[in-house]
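I would ask you to look at the sequence and the structure together while I go through them.

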Amino acid sequence: MNAELTIRLARADDDAKVARLLDEAFASPGRESRLWAMLRAEYPDYDAGLAFAAERADGELDGALLIHPRSLWIRGVEVPCGVLSPFAVAPRARGSGWGARLVAHALQACAARFDLVVLLGEPLY
């Protein structure tokens, strides 16, 4: 895959594209796309500045991820962290390195905010 992508913040008007991408990327259509929609609409700490998309020149998305703020308690100390989920790369873009670039971009964008970011997901993926 040689097409260039732009990594940017995901927008509300991306929701249908993100839903298609998540359904295409996972073996459980609807599950991850519902999670994305629920987190954006209902999660009290949702931050639009932590939702990212990898967009092709033709406007289609080849990747998307969401980081949502949480806290972990480690040895009695509250540690601000981000939970990275959901995260998907379109099957056509797998192996291109864009998933790694998307994650690196997101981690850099939230580095000053969180002490750590954890990936939450299915072991098969």
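This is a predicted model: local features need pLDDT of at least 70, side-chain atom pairs count only at pLDDT 80 or more; totals for chains, interfaces and linings use all residues.

The largest nonpolar core is made of 16 residues. Val 18, Leu 21, Leu 22, Trp 36 and Ala 88 have the most contacts inside this core. Two or more residues come from each of helix 1 (15-25), helix 2, strand 2 (51-56) and strand 3. Helix 1 gives the most, with four residues. Beyond its neighbours up to four places away in sequence, Leu 22 touches Glu 32, Ser 33, Trp 36, Pro 86 and Ala 88. There is also a second, separate core of ten residues, and Leu 102, Val 103, Ala 106 and Cys 110 are among them.

I turn now to charge. Side chains of opposite charge can pair when their charged atoms come close. How many salt bridges are found in the whole structure? The search finds twelve.

One of them joins the side chains of Arg 8 and Glu 55, at 3.0 Å from N to O. This pair links distant parts of the chain, with Arg 8 in strand 1 (residues 5-9) and Glu 55 in strand 2, 47 residues apart. Are these two residues buried or exposed? Arg 8 counts as buried because its relative accessibility is 11%, and Glu 55 counts as buried at 18%. Both residues belong to a network of salt bridges that also includes Arg 11, Asp 13 and Asp 14.

A further salt bridge, at 3.1 Å from N to O, is formed by the side chains of Asp 15 and Arg 40. Here Asp 15 lies in helix 1 and Arg 40 in helix 2, 25 residues apart. Asp 15 is partly exposed, at 31% relative accessibility, whereas Arg 40 is buried, at 17%.

Finally, the single sites. Ser 96 sits in the loop between strand 4 (77-89) and helix 3 (98-109). With a relative accessible area of 17%, Ser 96 is buried. Its side chain reaches the backbone oxygen of Ala 93 at 2.5 Å.

On the surface, Leu 72, Ile 74 and Val 118 form a nonpolar patch, with about 210 Å² of accessible area together. Leu 72 belongs to strand 3 (residues 61-74) and is partly exposed, at 35% relative accessible area.

Thank you for your attention.

Technical notes: Residues are numbered from 1 along each chain as its sequence is written. Side-chain values use heavy atoms; hydrogens and water are left out. Patches are made of residues with over 30% relative accessible area and no salt bridge: like charges are joined within 9 Å, nonpolar side chains (Val, Leu, Ile, Met, Phe, Trp, Tyr) within 5 Å. Accessible areas come from the Shrake-Rupley method with a 1.4 Å probe; for residues, only the protein chains shown count as cover. A salt bridge is a side-chain nitrogen of Lys or Arg within 4 Å of a carboxyl oxygen of Asp or Glu. Buried means under 20% relative accessible area, exposed over 50%, partly exposed in between (1.4 Å probe, protein chains only). A nonpolar core is a set of buried Ala, Val, Leu, Ile, Met, Phe, Trp, Tyr and Cys residues joined through side-chain atoms within 4.5 Å. Contact means heavy atoms within 4.5 Å. A polar contact is a pair of N or O atoms within 3.5 Å; within protein, one must be able to donate a hydrogen and the other to accept it, and residues adjacent in sequence count only if both atoms are side-chain atoms.
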